[in-house]
Each structure stands twice: as structure tokens, then as C-alpha cells.
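Colleague: Could you take a close look at one part of this model for me? I'd like to hear about a single contact and the surface it belongs to, in plain words.

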Number of protein chains: 2
Amino acid sequence: MKKLINTPENVVKEALEGMAAAHSDLIRVDVEQQIVVRKDAPVQGKVGVISGGGSGHEPMHGGFVGRGMLDAACPGAVFTSPVPDQMLEATRAVNGGAGVLHIVKNYTGDILNFEMAAELAQAEGIEVESVVTNDDVAVQDSLYTAGRRGVGVTVLLEKIVGGLAETGAPLSQVAELARKVNNQGRSMGMALTSCTVPAAGKPTFELGDDEMEIGIGIHGEPGRRRVKLAPADEITEMLANPIIEDLGLKSGEQVLAFVNGMGGTPLIELYIVYHALNRILKGKNVSIARNLVGSYITSLEMAGCSITLVRLDDELIKYWDAPVHTPALRWGV
Amino acid sequence: MKKLINTPENVVKEALEGMAAAHSDLIRVDVEQQIVVRKDAPVQGKVGVISGGGSGHEPMHGGFVGRGMLDAACPGAVFTSPVPDQMLEATRAVNGGAGVLHIVKNYTGDILNFEMAAELAQAEGIEVESVVTNDDVAVQDSLYTAGRRGVGVTVLLEKIVGGLAETGAPLSQVAELARKVNNQGRSMGMALTSCTVPAAGKPTFELGDDEMEIGIGIHGEPGRRRVKLAPADEITEMLANPIIEDLGLKSGEQVLAFVNGMGGTPLIELYIVYHALNRILKGKNVSIARNLVGSYITSLEMAGCSITLVRLDDELIKYWDAPVHTPALRWGV
């Protein structure tokens, strides 16, 4: 196992120490409890927006804490759900009296633990709404999931919903926008290589030198099929077409296109995929009105990429464009 | 070779097509000539700042073109110097009458070609100054270099110098600041794995499963020594101590600390290195006043990292903090 780590047990806490030191202007980090909180939280009268999930997907979610995006994140162990206590603590920390939105990726552990945390918070008088992301068109059920998995849309949703929450909108409206973004977005990913969970010490799965996995999950869960390597243009077709079809994108529509690296894939390759995606969408007279290209929802050092498309309207564009200031995403400020 | 590409010959041009499509608000790209130019260039009365070098180090340099950083970049083939014609074309494109600064990393091919381009531009009446970066403390001479190699400082220098150029400062002052940043900065890198140049189709070098290379160059050039794998804390010591010593950092000083990923290393590991670096510097009473953590000067999909430290003063902080709006770095706007 070749990694820049000290011991597998300390990976998450030491990375959180690094984040705390690097971004003390934006966030407070409780390293023991594993909670990342926006520095000025709780913001009175503002809906608190939190998310969380297993570590190993950095910068998601801790890198998205800050003005205009998340109020808190609670990272679990690598590829392991955080516990209800963490989520409850994060909920308390960001409650400014206007309630708290839980953004939950559809994995069984995350769902159960966030449900419990929401109940505990509600018992303390904190209003909580939960929104589940389930945008992965690759497979219906999967290793850790009933229904579709929550993947790339989560990143875009956190940005858009964070933009609305910043305006002081009420919880019901913030939750409604979150559901809308999830409904209007779809994703699919692929892997050229596996990743290695530090505590396991060996690759999560094996792929031949001439093989790739189409429809992979962000924990290395099996996808739709294992096939021979193909050129980037064909891979992009394999990912984009099921998304376009499932979303029912029509000529004249516009989208937010997100080409995401899985952690071990360099930017030069992501731009090649973006070029192919842009051509495919142009061919269907769908225009990319906004885009994001980079590694934002990763699977440790896995090589590969995912594509996410979100159907845009004026409301979504407005809150996508709104100022954001977090460790990983920043504009307008 | 597992890569998201179509054919090795088209890697650079297709990635440039992707960049052009994704960032048409910021840059114009001449894909044939392989030149990335700031959208509003030439800016009248402003010194044009350009850089270039082999591709495979993305986002450097094309991702740094935009307001407050570079006016143009000319990427060569992967790990291959651009040609004088490209550099001359870029120089013409950004000449707003105040002269042009060439930022050149110290590799023999880059040096020779930029010298020729500068002579050709001067023959056309364009004032040109050149500044060479040579911040890598790992080795004195190397595979493609006489003297020290230019590495991570180049990224930070382009940001700081771009900030000054934006104010309308004259060429002599812009060049002087560039030399100052180079003088005040040092870097060192390491690799856990090799990378594969697409046209070669096989790894640039071989490393055993239990080995790493300390002092690696950004093209996989040999470093100081090949040693057994070590914990991240020890690796950070191996990189940071020679930098601190060479720079003569003293108690009470402050630095800009840059922990850079080589392309295949995920962010979670870079934060572990940052945590270790922060502790080492604290132990010497050197404070990190500014930082950058991420993959900005890469070697394709190489796993590994580099550390760069730049001694800061008020002038450098001022221009580091100045607004920047490029595909890869953005703040204040």
C-alpha cells in the first residue's frame, strides 16, 4: 500500500488536523468528534445545511464548509458512515433558530444514522428536514444501497442549496430546492483502477490491465459491467448517454455539466472527457450553461471519472452563481 | 496504459479543446498553435506575463491564464518544451505596449527556446524580460537541467507577479519581483509511483512496491535517493528540512506553504502532509501566513507530493492576496 499516511487508524483525524490548520479562516474542526463547522456558525436566522458520509471522498464534504455552501460536515471513517452522535452535534452547532437541512447520500448506513440524528435533534426542539440524493443511474440496488446511489449531484446540490440558505430562506423552501436539484440531476462513473482502503491494506477489487468498470460506485461497488479499455470518447458516451436518456434531456435545454475525477486521475484527462461530453451534448442541441471540471467527489486514489448533468433553470443558475467561500470551491468573494 | 485519452498524439490538443469549451469566459485557445491567451489580451499599458513548458503538469500553466495571473501560456507536447514560434506568438498576443515577461522553468529546452523567442520578439520591437525559476533543492544538475530545476515556486511566482502586473507596474519592476520570489522560494518533491507518458506507453521509471523516490523531478527525473517507504511524517521531514536549511529560515519568519499533489495523490493525503509540515515549521517558530494545498504542478498521474516554501514579506502577501480569476485559481472576484 503506497500512501502518504502515518497509520491507517489516524488518516481521517490527521487530515482533519491539516484542514483545520490550512483553513482556520473558514472553518472550526473538532478533530476528536470529527466535525467540521463553518467558522461563524450558528448564523442566527439562517437555515443550517449539513452533510456527511464516509471519508475518502475529499474534498467532499469538509471542503465544502463555508459561506454559501455547508454549515457543517461530519466525516466518518474511510468509506464508513458517521455516527448519529456526530450528526446530532453538527446539527446543534449550526442551528441558528431557523432549522437544519440534512443532505444525505443514499447509502443504507448514512440513511439510518441521519434518521436517528434527526429524531434526536427534533426531540431537542430543532426543526430538521432531510433530503436524500440518489442520482447514480448505473444500477438500481448496490452493495451498500437500496435504490440508486447518491453521488456527484450531492456536490452541486450543496452549492446551489447553500446559496439559497445564505439568503435567509425558510427551511421548507431550502429543502424543496434540494429535492428539485436531486430530481433534475443524474450521474454515472467509471474506474480504470481500484482504490485501497487504508485499514484494509489491499485493493477493494481487482481489474485486469486491459479492463475498466463502467458504472462504478464511489466505494468501488460494482457497476453495470466490466469491459475492455476504450478510448475516452467511447467512455464518455457510455456515461453520458444513460444520463441524458434517464433525465429525458431535450433539444434546447441547458445543463450544468460536472466532469469529476475519482482521485487518481489528472486534470489533463478530465478536460479530454469534457471535450467529448461537450460534443455529445452539442449534437443533441443541449447547451452547457455552467460547468465544473476537477476532483470533487473522489474514491481515494481510484483512477477514473464520473459525469453529472443537472438540468438548469434560472433559479438553479442564480444560486449556482451565488458567492461561495469554502476550502474547495470559491468564487464571488 | 490506463488513461482517459483517445490517442497519444491528440492528448494535448483535445485537453486544450476541453479547456476552451469549459472556460470561454476567461480564455481564448488557439488549439493548432497550442496557445492559451487571456480573453481580454492584450491589455493596453499592462505588462504581459507569459509562461510555458511541456504539458502533463496541469493545471500549470494554461489553468493559470486569466485576470491577475498569466496573460498567456504555451504548452508543448507532454514533458516537451514548446517551440520558439509558440512563445513568440504568445508574446505578440499579450503585448499591450508595456513589454512582456517570460517566466521560464529551468530546463535546457525551455531556456533555449524562450531565449530564441525573446530575441525574435525584441527584433519586432517588443520589450521582453525573462526570469528563470530554479527552486528545486533536490539536485544540482539533472536529466534535463543544468543547475537546479524550476518547480513549485513557478506556480506561486505566477500568482504574485501577475498580481503586480495587474496594477500597471512597469516591466522592470515586474521582473524584479519575479526574481525576488524565486530567490525566496525553495521546493522538493517525492514519488510513490512513476507516471506514463502517453506516447511512450510505459512507465518512465520503475519503483519497487516498497520503494519511493525522494527529490524526484516533475518529469520523473531521478532525485536524491531511492529509499524504503516511510510514514508521511518522515517523508515530510525529508522534504521540508532541506528546504528550510537551504532557505535559511529563521525563528519568527513567515512563509507561504504549498503542499502540491503530483497528479495521482488524493487530497486527503495532502492534508496529512500539510499537518506534518505545519508542526515542523511551528517547531522552528516559523509561521505559515498563507497556504495552498492541492494538485497544481503535476506529473501526469504520478502519486507523490512536493513541498514549496516561500519566505513572505508584506509585498509578497499583498500580491498573493490580490484578486485572481483563472480556471484553476480564483479568489477576490
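Modeller: Let's start with Lys180(A) and Asp313(A), which form a salt bridge in this predicted model. The closest N and O atoms of Lys180(A) and Asp313(A) are 2.7 Å apart.

To place that pair, look at how chain A is divided up. The domain assignment gives domain 1 as 8–184 + 322–331 and domain 2 as 185–319. Between the C-alpha centres of these two domains of chain A there are 22 Å. In the contact itself, 42 residues come from domain 1 of chain A and 39 residues from domain 2 of chain A.

How many salt bridges does the rule find across the interface of domain 1 of chain A and domain 2 of chain A? It finds 3.

Now, which helices of chain A are involved on the domain 1 side? Helix 4 (153–165) and helix 5 (171–183) of chain A each supply at least two residues of the side that touches domain 2 of chain A. Helix 4 of chain A gives the most to that side of domain 1, with 7 residues. Sorted by class, the domain 1 side has 24 nonpolar, 10 polar and 8 charged residues.

What about area? An interface's size is often given as the accessible area lost when the parts come together. For domain 1 and domain 2 of chain A, about 3300 Å² is buried between them, and carbon and sulfur atoms hold 64% of it. On the domain 1 side of chain A, the residues that lose the most area to domain 2 are Phe79(A), Val137(A) and Gln184(A), together 20% of what that side buries.

Chain B and chain A bury about 4400 Å² between them, with 66% from carbon and sulfur atoms. Lys2(B), Leu4(B) and Ile268(B) supply 21% of the area that chain B buries against chain A, more than any other three residues. As for salt bridges, the rule finds 0 across the interface of chain B and chain A. Polar contacts are there, though: 20 residue pairs between chain B and chain A, both residues at pLDDT 80 or more.

Technical notes:
Residues are numbered from 1 along each chain as its sequence is written. Chains are lettered from A and ligands numbered from 1 in the order in which they are written. This is a predicted model: local features need pLDDT of at least 70, side-chain atom pairs count only at pLDDT 80 or more; totals for chains, interfaces and linings use all residues. Side-chain values use heavy atoms; hydrogens and water are left out. Buried area is the accessible area (1.4 Å probe) that two parts lose on being put together, summed over both. A salt bridge is a side-chain nitrogen of Lys or Arg within 4 Å of a carboxyl oxygen of Asp or Glu. A polar contact is a pair of N or O atoms within 3.5 Å; within protein, one must be able to donate a hydrogen and the other to accept it, and residues adjacent in sequence count only if both atoms are side-chain atoms. Domain bounds come from an automatic or database domain assignment. Contact means heavy atoms within 4.5 Å. Helices (H or I, at least four residues) and strands (E, at least two) are DSSP runs, numbered from the N terminus. Ala, Val, Leu, Ile, Met, Phe, Trp, Tyr, Cys and Pro count as nonpolar, Asp, Glu, Lys and Arg as charged, and the others, Gly among them, as polar.
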